Amino acid sequence: MAVERGARSALLEEALGPGGPIVVFDKVTLAFDDKVILDEISFTLKTGHTKIFLGASGAGKSTILRLILGLLKPDGGQIFVNGERVDNMSEDQMMAVRADLGMVFQEGALFDSLTVRENVGYKLLEQKVPYAQADRRVEEVLGFVRLAEFIDRKPSELSGGQRRRVAIARAMAAKPRILLYDEPTTGLDPITSITIDEEIIKLRDLEEVSSIVVTHQLRDAFFVAEHMAVANGSEGVRFERASAHKADEAEFIMLRDGKIAFEGNATELREVQNRDPYIQAFLS
Amino acid sequence: MGGLENWAKAAVLEVQEYARMVGRACRSLVTPPFYYRDIIDQLNIIGIGSLTVVVLTGLFTGMVLALQSGITLDMFGARSMVGRLVSASMVKELGPVLTALMVAGRVGSGIAAELGSMVVTDQIAALRALGTDPVRKLVLPRILAGLLMVPLLTCISVGVGLLGAWIITLTQLKVASGVYWNSVVGGLYIQDVWMGLIKPFFLGFVIVSIGCHVGLRTSGGTQGVGRATTNAVVASSVAVLVVNFLVTKALIFLMY
């Protein structure tokens, strides 16, 4: 592989190995003026697992991603990413933490003035990866999201779905251990949305990336939670219904009024909707 | 009362954020990484891009100054002194200030619009998420380019202005070339030249730094970008006039 993941100490590697706590929120609170966005939110994302955040617009879903990235600071509580406490880090210290994080923004947030190649390779060149090596990795990840032929186009020449896939390629190029998706399928047609969902599943199952997906597209949320990718030799990748054990690795968190209204797997979410009118209204 | 208090708080916050941005830009100046390509790009955009408007401004200002001062000087039979009046005005005041105002209109608005668009489309957040400090990558190259190019543009503007005045003096006022250029040189003291050279550094800095600050503080979608662009031009134009006065006062105190 052209690009290696950042080194961690052996102890940390063991602690954050499969099933270890790679992102931890402990009683995190955030308010904008008088409006409480997050009220003592606590959850743990385990290595290799997926957390899917659901909730109405303004419920604080995207805010959680920005807190993990250090783009916002909480008013209270603690946040741990990759074994490091990040809620009290300075901007300069956060740069090192962000090296192991990838983020897919809502509308892609691609740099208009750069080509697809430059967008995808941006972080690699920032990390001083030699140009030829970075270019090989760019071609590799663009092949992964099936956009290799668009490498020299500008973002303005791509469709909405293609822009999201380039954003995924950019986020995964530096091989982060954690990927954050902010409404990755909002505004896309169902067929393109499934393509994006499949990329998320592929990254999780084939590249062992831990992921947090923020969405209010229920169909996509359940698709990601209940499917798995299987490498199929020369035939590429096959998507199939996730086994019970695999499905347990994807957990839903529903936010309501700044608090967690539900936390559990897809089966539990379907069961609880009959008892909770809010969840029922949301899922219907 | 509450409204006034809120306004005062907002104003203090803006000044504080502006000072923080400038402080971070200064720190970025002495610590790596440096974005040399962005600096070259900005030198081109701010310097070469503003050349036409600055040349036209200088040319017509010099020409109209010669015409107007010719009429006034005629009253005292001192038409031959037109070069002295034009050079003193252009070098000390009109060159730096008009160039700065033109650059504020063209570059200040452009910076605010570009950075504002990047803010509302999450490109600034994406930069930070990718491990890049936006101040280092976007603000510092623009400030450096402003610091270097505005003095250079001012020199060009003054030179073209003196040429414009020469054309009018020669063709309309019928004053000989030699008399005009002798008068131009005779009207200038070395302190005037220093003043004309020093002021544009300050003016270039305020134009670009205000454009960057307003752009990075944009909120409210595309409407916010429009507002930021207007605010950047208004704020940097007023700042040019205020800073010009303060720097002039300080230089007179120090040099004359």
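## Chain A overall

Chain A contains 11 helices and 12 strands, where helices (H or I, at least four residues) and strands (E, at least two) are DSSP runs numbered from the N terminus. The radius of gyration of chain A, taken over C-alpha atoms, is 18 Å, close to the 19 Å that the globule rule (2.2 Å times the number of residues to the power 0.38) gives for 284 residues, so chain A is as compact as a globular protein of that length. Its C-alpha trace spans about 55 × 40 × 40 Å along the principal axes.

This is a predicted model, in which local features need pLDDT of at least 70, side-chain atom pairs count only at pLDDT 80 or more, and totals for chains, interfaces and linings use all residues. Residues are numbered from 1 along each chain as its sequence is written, while chains are lettered from A and ligands numbered from 1 in the order in which they are written.

Of the 284 residues in chain A, 42% are buried, meaning that 20 or more other C-beta atoms, placed from the backbone, lie within 10 Å of the residue's own. Two residues are in contact if their C-beta atoms, placed from the backbone, lie within 7 Å. Among contacts in chain A between residues at least 6 apart in sequence, 64% join residues at least 24 apart.

## Two domains in chain A

Domain 1 of chain A covers 5-100 + 176-283, and domain 2 covers 105-175; such bounds come from an automatic or database domain assignment. The C-alpha centres of the two domains lie 22 Å apart.

Where they meet, 15 residues of domain 1 of chain A are in contact with 13 residues of domain 2. On the domain 1 side, β7 (178-182) and α7 (190-206) of chain A each supply at least two residues, and α7(A) gives the most, with five. That side has seven nonpolar, four polar and four charged residues. Here Ala, Val, Leu, Ile, Met, Phe, Trp, Tyr, Cys and Pro count as nonpolar, Asp, Glu, Lys and Arg as charged, and the others, Gly among them, as polar.

## Contact between chains A and B

Between the chains, 14 residues of chain A are in contact with 10 residues of chain B. The chain A side draws at least two residues from each of α3 (91-98) and α4 (116-126); α4(A) gives the most, with three. By class, the chain A side holds nine nonpolar residues, one polar and four charged.

## A helix pair in chain B

In chain B, the axes of α2 (residues 36-75) and α3 (residues 82-120) come within 9 Å and cross at roughly 145°. Axes are lines fitted to C-alpha atoms, for helices over the stretch in contact, and angles run from 0 to 180 degrees between N-to-C directions. The residues of this contact comprise 15 nonpolar, 10 polar and one charged.

Methods. A residue is buried if 20 or more other C-beta atoms lie within 10 Å of its own, exposed if 12 or fewer, and partly exposed in between; C-beta atoms are placed from the backbone.
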